[in-house]
Amino acid sequence: MRQDRSADLRNYHLYDPWAFVTHREGLDLYPADLQTFFNPLGDLPLYWLGTGIFSDHPRIFAAYQGLWYGVLICIVIWFMKGIACNDDKKQGFGLYEIIASVIIGVTGSAAVCQAGLSSNEVPLADLVLVGVGLVILSPQKNTVEETESSLKWRSLAGGIMTGLAAGIKPTEVTYGPAILAAVLVMSSDRRTRMLSALLCLAGCAMGFFVTYGWWAVHLWHQTGNPVFPMFNEFFHSNWAPASAFTDQRYKPKTILQWIAYPFFWLGHKEKIVTEPAFTDWRFALAMISCLWLVVHLAFSFREKGPLTVDGRRKIAVLAFAIVGYVVWIRLYSILRYAIPIEAMTGFLMISATRDLLLCADHKSIRTPVMITTIALLVFLGLTTRYPGFGHNNFSKKTFDVAAQDVDRDSVVLLMGRNLSYLAPFFRHPENLHFVGMNDMMEASFDYFPGRTARMLLTSGRPIWMVEPGDPGEKDYTGLLRRFLPDMKIEECHEIPTALNRQKHHDGEPAVIRLPRLCRVSGGMDR
């Protein structure tokens, strides 16, 4: 585990909680692009700890961030043990199968690449998995009557956990329909099923209201859109054009990709479902497993009687994974949002293997399943190539950035993304205005933020700009010239920061220029 220097940390995970705590509304304009308006609740611990008691202890801070991955492992162990054990030895998993299910589920690319990062994907996945575990795993004996007697309240609790996660980061709304599907499977009684489903929905709404309701009110008062800038085609805030502002970059582009997207992740290419290149067979093998399990279950229903509790648990996991995947690919198709689904992949693969061998009428499936399980572990271990997401060598401080001095009442222009993390390290920031020159400002040029930025830049205030330094970043100088056609750049110096991205080639770090702070002239009233 190394130190977090990811792009999202530099873009908004540090700025947003700092801006909330220091009341930056009314002072800054889009410093973190559209993420400026994301709910800061999940990032407050990072800000308080990273700038407080752990500010001089980056390794302890990294251990704290990595702790959530350890919690994920414990939750998956609890979950797999609960759904895989069975009184019928022929149907239940052995210890090695449970261990293999856990290993496969927690070593996938989605979880491993986010371990220790500020993205909050892992702790939110923890909440979702606890929620679905509460629904599927009854604390009582494995009888239908005893399981259904507590299903209503377990559905409510599971919904609350999922709603809490979605309120902290709305990308987790993916798992609302998924956990509802699991609830519908877990009951054999129609009345209990409908009541449990309603309580699950109520729990999701309650959890979401607790963690996001206050922020929705804040955004409504500030911008006129409770989820700004998302879905502004419905709310018509005067801060931005009527657009959805949702990320469409990673969605499937062809019909074949929509049908079999996980098979397109196997060529170690960039920008498929995540920015860096990666290779991982888990989702592809899980998709094949799900197809087999669905077909097998469809034929089994004709032959067998009422489902046992263990049978319903297995189908509930299948329903959660399938519905979660369908919603995920429709809304986002971004790998790091799929950790709860990825955690189920090991169970699905081994379940499909067991069912296939049982259908083949093997007298003993123990040895074939063991061989197949070992082969899966070896194959995935050899073929998985993880994406890199900004872990790097430790520095002396958790957020090691040199303090910067500019004139009082200055406008500080942040030329692109991944620069707002510098704002807290300017001296006397309460007297400064941080204005982002980025995609959101470009889209809002003729709206309230653009007009306000124009007023600030032509008011006679001192103007400074921060250039990203990385030649790979998009150049927004043309956008700035729309505000200041006659601008001139002078008095530049580098900003010493350990949080800039360091790229490694053949074991040697490539030289990346540091961000530069420059004075800008040409902003006086004309």
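Over residues 95–117 the chain is 78% helix and 0% strand, with 32 Å between the end C-alpha atoms; helices (H or I, at least four residues) and strands (E, at least two) are DSSP runs numbered from the N terminus. The model is a predicted one, in which local features need pLDDT of at least 70 and side-chain atom pairs count only at pLDDT 80 or more, while totals for chains, interfaces and linings use all residues. Residues are numbered from 1 along each chain as its sequence is written, and side-chain values use heavy atoms, with hydrogens and water left out. An unreviewed UniProt entry lists several spans as "transmembrane region", among them 95–117 and 369–388; such annotations may be inferred rather than shown by experiment. Residues 369–388 are 75% helix and 0% strand, and their end C-alpha atoms lie 33 Å apart.

Helix α9 (residues 175–186) comprises 12 residues and extends 17 Å from its first C-alpha to its last, close to the expected 16 Å, where the expected span is 1.5 Å times one less than the number of residues. Because 10 of its 12 residues are buried, α9 is largely enclosed by the rest of the structure. Here buried means under 20% relative accessible area, exposed over 50%, and partly exposed in between (1.4 Å probe, protein chains only). The buried residues of α9 include Tyr175, Ile179, Leu180 and Met186.

The structure holds 1 disulfide, defined as a pair of cysteine sulfur atoms within 2.5 Å. Cys492 is joined to Cys518 with an S to S distance of 2.1 Å. The torsion about this S-S bond is about 115°, so the disulfide is right-handed. Since Cys492 lies in strand β6 (residues 488–494) and Cys518 in strand β9 (residues 516–521), the pair ties together parts that are 26 residues apart in sequence. Cys492 is partly exposed, at 32% relative accessible area, whereas Cys518 is buried, at 0%. Cys204 is in no disulfide, and the nearest cysteine sulfur, that of Cys200, is 4.5 Å away. Cys204 counts as buried, with 15% relative accessibility.

On a 1 Å grid over the protein atoms alone, a cavity is a set of points where a 1.4 Å probe fits but cannot get out, and lining residues have an atom within 4 Å of a point. The count is 3 cavities of 30 Å³ or more. The largest cavity contains about 230 Å³ of space. It is lined by 18 residues, of which Ala19, Glu25, Thr36, Trp215 and Gln222 are the closest to its centre. Helix α2 supplies the largest share of this lining, 4 residues.

Key: On a 1 Å grid over the protein atoms alone, a cavity is a set of points where a 1.4 Å probe fits but cannot get out, and a pocket is an open set with protein on both sides within 12 Å along at least five of seven lines; lining residues have an atom within 4 Å of a point. Grid points are joined across faces, edges and corners, and a volume is the space filled by probe spheres set on the points.
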